[in-house]
Amino acid sequence: MEVPFLDLSIQYKEIRDEIDTNLQKVFKKGNFILGKEVEEFENEFAEYCGVDYGVGVNSGTDALFLALKALNIGAGDEVIVPAFTYIASSLAISYTGAKPVFCDIEEDTYNINPDLIEDKITDKTKAIMVVHLYGNPVDMQPILDISDKYNIKIIEDCAQAHGAVYRPTRINTNSKSRIDTNKKNDGRETINDGRKVGSFGDVGCFSFYPTKNLAAFGDAGMVVTNNKELRDRLYRLRNYGRKDKYHHVEIGYNSRLDTVQAVILKAKLKKLDKWNELRRNNAEYYNSLLCDIDEIITPIEKDYAKHVYHVYGVRIKDNKRSKVIEKLNDNNISAIIHYPIPLHLQKAYSELKYKEKDFPVSEKIALEILSLPMFPGIKKEQIEYVVRVLKLAFSL
Ligand SMILES: Cc1ncc(COP(=O)(O)O)c(C=O)c1O
């Protein structure tokens, strides 16, 4: 049996008729740049995330970069970001001229550790970039409290977490934070059912790279926000800084979402919840089969989180990861390491003078983590086969 890491053709089959018809319309009309489908998708995706506005851009990296620019972050500023994420998160900070300040992660969720953030704050800190890694929501409440206390912005990198939900379990009633609460009859405050990621920070930034939970047929991204001023600034920044056709009021960029991609994303958005549910079922099935292998740590979903398993990452203990990958590959199973080198140890960031052991949890997870095949249409038998081969790998 062969188990690919993911199979994009399954999704395509489900939306083929709709996109074939709608793409033909775009081809006939020729409205390839900022056609009406872009605005429709911006509105539909913003509504899906529970926010007022969406601004379609060229990629997830550009979503982060333009969001930082719209927040006036640049040279001389610092932005706190986890040391364990895909490098696009911190690259976007570097592009603005600001300095990424790395922070270690939690050992159970692999997300930024809220308890370590305050120590990193200086008078140059302008923002915290949280990354909902693998589709698992960050514990936002303590981070929103820090943002209120120090008056710093929050950028949510949701590139891997379309549709993931955060439902705070502890509430700070003194906080001005943006999490809605409901008053019970007895006056106690309770927490609502949670909200989608991207709706908590000043901005939420999404990638629609072809492998993502909501994926285009090329590069694409979006910034979502409740702030109209930010939305208007982002409209300008993505389109040469122009106010109208030939009036350019700031140095902008060319970073628009193509109409063709918007058509595809509109069709796929209708399936996103169903596909995320299938991912969750697959994760549950993997968890149930892997729970008796001592050398494997399966992913965790905290009380506050609805994980959407963009990546199903397990930890392989006792330095056995290379052996396990070899065994999987020998048996036609594809597995990937997300990510083998934490950002503070990347050569690109050598100027920042970080060194080994600066972020021990990030370094440990980078040595142990392994992503197993995960996509909505993966078959039960394929999951069972992956687990059988894993068991064989440990019995060697
Ligand atoms: C966490 C994270 N942030 C940002 C990005 C950048 O997105 P894009 O590839 O669309 O530029 C990615 C892409 O993989 C990512 O995983």
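Biologist: Which residue of β11 does Gly204 stand opposite?

Modeller: This is a predicted model, where local features need pLDDT of at least 70, side-chain atom pairs count only at pLDDT 80 or more, and totals for chains, interfaces and linings use all residues. Residues are numbered from 1 along each chain as its sequence is written. Helices (H or I, at least four residues) and strands (E, at least two) are DSSP runs, numbered from the N terminus. In β11, Gly204 stands opposite Val224.

Biologist: In which sense do β10 and β11 pair?

Modeller: Two strands pair if DSSP finds at least two bridges between them. Strand β10 spans residues 203-207 and β11 spans 221-225. Ser207 has Gly221 of β11 as its bridge partner. The 4 bridges between β10 and β11 make the sense antiparallel.

Biologist: How many residues of β10 are buried?

Modeller: Buried takes 20 or more other C-beta atoms within 10 Å of the residue's own, exposed takes 12 or fewer, partly exposed lies in between, and C-beta atoms are placed from the backbone. Val203, Cys205 and Ser207 point one way from β10, Gly204 and Phe206 the other way, and all are buried. So β10 is largely enclosed by the rest of the structure, and its buried count is 5 of the 5.

Biologist: What is the bridge partner of Ile155 in β10?

Modeller: Strand β5 covers residues 153-157. It joins β10 through 3 bridges, and the two run parallel. The partner of Ile155 in β10 is Val203.

Biologist: Which residue of β11 is the bridge partner of Tyr53?

Modeller: β1 and β11 pair over 5 bridges, antiparallel. Tyr53 has as its partner in β11 Thr225.

Biologist: Which strands stand at the edges of the sheet?

Modeller: The open sheet has 7 strands in the order β1-β11-β10-β5-β4-β2-β3, with mixed pairing. The edge strands have a single partner each, so one side of each is left without a neighbour in the sheet; they are β1 (53-57) and β3 (99-103).

Biologist: By what angle are neighbouring strands of this sheet turned against each other on average?

Modeller: Axes are lines fitted to C-alpha atoms, for helices over the stretch in contact, and angles run from 0 to 180 degrees between N-to-C directions. For this sheet, direction is ignored, and the average turn is 25°.

Biologist: Which residues are closest to the ligand?

Modeller: A residue is near a molecule or strand if its C-beta atom, placed from the backbone, lies within 6 Å of it. α3 (60-70) and α4 (88-95) each supply at least two residues of the shell. Of the 15 residues surrounding the ligand, the closest are Gly60, Thr61, Ala88, Ala159 and Ser207.

Biologist: How many residues of the shell around the ligand are charged?

Modeller: Ala, Val, Leu, Ile, Met, Phe, Trp, Tyr, Cys and Pro count as nonpolar, Asp, Glu, Lys and Arg as charged, and the others, Gly among them, as polar. The shell has 5 nonpolar and 8 polar residues. Its charged residues number 2.

Biologist: Which residues does Tyr134 touch, not counting those up to four places away in sequence?

Modeller: Tyr134 lies in the loop between β4 (125-131) and α5 (140-150). It is buried, with 24 other C-beta atoms within 10 Å. Contact means C-beta atoms, placed from the backbone, within 7 Å. By that test Tyr134 touches Tyr110, Gln160, His310, Val311 and Gly313.

Biologist: Does Lys353 count as buried or exposed, and what does Tyr309 count as?

Modeller: Both have a positive phi without being glycine, about 45° for Tyr309 and about 65° for Lys353. Tyr309 is in the loop between β15 (305-306) and β16 (312-316), while Lys353 is in the loop between α9 and α10. Lys353 has 8 C-beta neighbours inside 10 Å and counts as exposed. Tyr309 has 27 and counts as buried.

Biologist: What is the radius of gyration of the chain?

Modeller: The chain has 11 helices and 17 strands. Its radius is close to the 21 Å that the globule rule gives for 396 residues, so the chain is as compact as a globular protein of that length. The radius is taken over C-alpha atoms, and the rule is 2.2 Å times the number of residues to the power 0.38. The value is 21 Å.

Note on methods
Two residues are in contact if their C-beta atoms, placed from the backbone, lie within 7 Å.
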